[in-house]
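My notes follow in the order I looked things up.

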Amino acid sequence: MQQAVSYIRVSTGKQGKSGLGIEAQREAIARFIAAEGMELAGEYVEVETGKGCDAIDRRPQLAAALAAARKAKAPVVVAKLCRLSRDVAFISGLMAQRVSFIVAELGADADPFMLHIYAALAEKERGMIAERTRAALAAKKAQGAVLGNRTNLAEAAAKGADANRTAADGFAANVLPIVRQIQAAGATTHRAIAAALNARGIRTARGGAWHDSTVRNLLAREAVG
């Protein structure tokens, strides 16, 4: 039976509601593997935040998935192409790793050439959206509109705090399933959980290493929620 390695990536809280959360990706990959008669050889989950995240050295779980797939002579399966990247250069770099990638959403017949085409379209779309946004803001500014909220700082601060809480809740929702797996494997103390998260290359919401206190705060957020 052909083996496959699963790679799941989440970065923001919004992805949990858009079909890109951990469980949604896991289910999509599981359906694909079952339909293709394949066997799951391993699952690698990446939780990363911030810019510059397309570099492989910022995504240790992707590097681990590549190594496992190379050893098992198996493909890496992702739910959607954007879980790898929307950057053509990054996709090209992955193709050079001598590991085949399968995007469940596109099907098993999508060859590397097709993946390059889809990545190029996604990159072009991202650039066009950014350009349209810049043009719209420039047009408003030329018409004399004052951009930004300069009159109600208290309201803006409150909205910012709400946004921060939403982002923190979303990050916690993505990491907690991994923490539960770690606990099920026998890690019971905050220090042990922190060590396991660090060993997996998972960073905190601010991009740092895990400690007793950050694990405690994460679990406290789960209790409150």
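Buried means under 20% relative accessible area, exposed means over 50%, and partly exposed is in between, with a 1.4 Å probe and protein chains only.

**Ground rules.** I am working with a predicted model, where local features need pLDDT of at least 70, side-chain atom pairs count only at pLDDT 80 or more, and totals for chains, interfaces and linings use all residues. I number residues from 1 along each chain as its sequence is written, and side-chain values use heavy atoms, with hydrogens and water left out.

**Confidence.** I checked pLDDT, the predictor's confidence in each residue, from 0 to 100. The protein chain averages 80, and 76% of the residues score at least 70. Which elements have the lowest and the highest mean pLDDT? Helix α4 (residues 112-142) has the lowest, at 70, and β3 has the highest, at 94.

**Layout.** I took helices (H or I, at least four residues) and strands (E, at least two) as DSSP runs, numbered from the N terminus. The protein chain has seven helices and four strands. From the N terminus on, I read the elements as β-α-β-α-β-α-β-α-α-α-α. Of the 225 residues in the protein chain, 34% are buried.

**Contacts along the chain.** Contact here means heavy atoms within 4.5 Å. I took the contacts in the protein chain between residues at least 6 apart in sequence. Of these, 67% join residues at least 24 apart.

**The sheet.** Two strands pair if DSSP finds at least two bridges between them. In what order do the four strands stand? I found an open sheet with parallel pairing, in the order β2-β1-β3-β4. The edges are β2 (39-47) and β4 (101-103); each has a single partner strand, so one side of each is left without a neighbour in the sheet. Neighbouring strands are turned by 25° against each other on average, direction ignored. For angles, axes are lines fitted to C-alpha atoms, for helices over the stretch in contact, and run from 0 to 180 degrees between N-to-C directions.

**Strand β1.** I went along β1 next. Strand β1 (residues 3-10) pairs with β2 in the parallel sense over eight bridges. A4 stands opposite L40 in β2, and V5 stands opposite G42 in β2. With β3, strand β1 makes a parallel pairing over two bridges. Seven of the eight residues of β1 are buried, so this strand is largely enclosed by the rest of the structure.

**S6.** I picked S6, found in strand β1. Is S6 buried or exposed? S6 counts as buried, at 2% relative accessibility. S6 stands opposite V77 in β3. Leaving aside neighbours within four places in sequence, S6 is in contact with I29, L40, G42, E43, Y44 and V77.

**Helix α2 and L62.** Helix α2 (residues 60-72) lies across β1, β2, β3 (76-78) and β4, and runs at about 165° to β2. L62 lies in helix α2. I found L62 buried, with a relative accessible area of 0%. Beyond neighbours within four places in sequence, L62 is in contact with Y7, E46, L84, F90 and L94. L62 and L84 are 22 residues apart along the chain, and their C-alpha atoms are separated by 8.7 Å.

**Two loop residues.** K73 sits in the loop between α2 and β3. K73 is exposed, with a relative accessible area of 74%. Most residues other than glycine have a negative phi. I noted that phi of K73 is near 55°, a positive value in a residue other than glycine. G21 lies in the loop between β1 and α1 (22-35). G21 is buried, with a relative accessible area of 6%.

**Helix α6.** Which residues of α6 are buried? In helix α6 (residues 190-199), I found I193, A194, A196 and L197 buried. Seen down the axis of α6, these buried residues fall within an arc of 165°, so they line one face of the helix. That arc is taken from the directions from the helix axis to the C-beta atoms. On the other side of α6, R191 and A199 are exposed. Just after α6, G201 takes a positive phi of about 80°.
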